[in-house]
Amino acid sequence: MIKSLRGMNDILDENESKRFTYFLDVAQNIARRYGFHYIETPLLEETALFKRSVGESSDIVGKEMYQFTDKGDNDVCLRPEGTAGVVRAFIQKKLDKAGGIHRFFYHGPMFRYERPQKGRLREFHQFGVESFGIESVYEDANMIMMVSDILKELGIGYRLQINSLGDNNCMPEYRDTLVSFIESIEDEICEDCKRRKSTNPIRVLDCKNEKCQSLYENAPKLLHSLCENCDNDFEKLKKILDANDISYEVDTNLVRGLDYYSKTAFEFVSDNIGSQSAIAGGGRYDRLVEFLDGRPTPAVGFAMGIERLLELIQMPQELREGYYLGAMDEEAIDTIITLTHKKRATDKAVCDYKAKNLKNHLKSADKMNAKYCCVIGTNEMSNGTIWVKDLENKIEKTIPLKEF
């Protein structure tokens, strides 16, 4: 028997698929309320796109990409994250030159070759949002409020962590200070951190090694080195969140896992999913469009890992809906199929292709959570009627077919 590859799961279980589609309904509806519209980008991209955007110092590029050479001798990979592809499409469609404000949301599979664990698969699904053309910190707050609204509607509790990563004015000086600190403890840190010291030193603060984390508690804090503009933006962000009753914690070691972020960084975490506690995260990436050869464009966004959220979703009470139609005799089956097709013009309708007794039809209708069970037997065929039972209020009646 051929089985699915390790870390690549089917969304097949009825409960899981209902949660998955319910999440997408909620997230997309809220994104549209915020003025965003849907964008779709390819699963397969040039490897160079992610090397230039995500950064070669990241674990994603260094260890986790599904990368290969295709039959045209092109170096390609399955997308490991969504933002870079959206930025590539934004530039390719010349929206960077058009100016104005552009807001997108997307969802779909991403691929990273890492050790599978609960809520962390090799093929996983993300919902993401990207906004281009707005430099104001109000748009940063807008992103955070959108995530908060989505999680609240799904009934998921969270803690919000925020930080500022500075910009080109304050980051270089901080980077030099941080490198000096790393060098003072270099004999005690892991090999990944030693490598990152030379490529992107701020990413050592994101190391998951417990020993490294304890050492970095004494690292210099970027918040203490922010320039006036970044400091004012961060203070304004906190005021906006306070004014909108969104609780947060300032985490001075929060840096995000990708190289393209600057200024605002944020993560939503849950205490109910084990060690991999992040359920959504994002921030500002004003330099990424320029990194990918576009016209400099301010941008901010976030992404949510859908699999991590499924078990946390509080599903609404499932109401009965639609029609179940069944025949008690073989000669009524064709009539039932025609009536079902007619009902589908306005309602959900399902029919059974086999003749069964009334008791079994009622069981089938109840199992599919139908509101109405509609059955035709010998008497109904003779009289040109159909028997209908409302399974919510238990009212039964027989009505002419022409009125059904």
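**Group meeting: cores, sheets and salt bridges**

Leaving out its neighbours within four places in sequence, M304 is in contact with F23, H125, Q126, F127, V147, I150, L151, I279, A280 and L309. Contact here means heavy atoms within 4.5 Å.

Before I go on: this is a predicted model, in which local features need pLDDT of at least 70 and side-chain atom pairs count only at pLDDT 80 or more, while totals for chains, interfaces and linings use all residues. Residues are numbered from 1 along each chain as its sequence is written, and side-chain values use heavy atoms, with hydrogens and water left out.

Back to M304. Along with F23, F127, I150, Y216 and F302, M304 is among the residues with the most contacts inside the largest nonpolar core, which has 95 residues. A nonpolar core is a set of buried Ala, Val, Leu, Ile, Met, Phe, Trp, Tyr and Cys residues joined through side-chain atoms within 4.5 Å. Buried means under 20% relative accessible area, exposed over 50%, and partly exposed in between, with a 1.4 Å probe and protein chains only. Helix α6, residues 137–153, gives the most to this core, with 9 residues. Helices (H or I, at least four residues) and strands (E, at least two) are DSSP runs, numbered from the N terminus. Another core lies apart from the largest one; this core has 15 residues, including I336, A349, C351 and V388.

Next, the sheets. Two strands pair if DSSP finds at least two bridges between them. Axes are lines fitted to C-alpha atoms, for helices over the stretch in contact, and angles run from 0 to 180 degrees between N-to-C directions.

There is also an open sheet of 3 strands, β2-β4-β3, with antiparallel pairing. Helix α2 (residues 47–55) lies across β2, β3 and β4, at about 70° to β2.

S131 counts as buried, at 1% relative accessibility. The S131 side chain makes a polar contact with the side chain of E139, at 2.6 Å. A polar contact is a pair of N or O atoms within 3.5 Å; within protein, one must be able to donate a hydrogen and the other to accept it, and residues adjacent in sequence count only if both atoms are side-chain atoms.

Last, salt bridges, of which the structure holds 21. The criterion is a side-chain nitrogen of Lys or Arg within 4 Å of a carboxyl oxygen of Asp or Glu. R159 and D271 form one, with the closest N and O atoms 2.9 Å apart. R159 lies in strand β7 and D271 in the loop between β9 and β10, so the pair ties together parts that are 112 residues apart in sequence. R159 is partly exposed, at 29%, and D271 is exposed, at 58%. K371 and E392 meet in a salt bridge at 2.8 Å, N to O. K371 is buried, at 18%, while E392 is partly exposed, at 46%.
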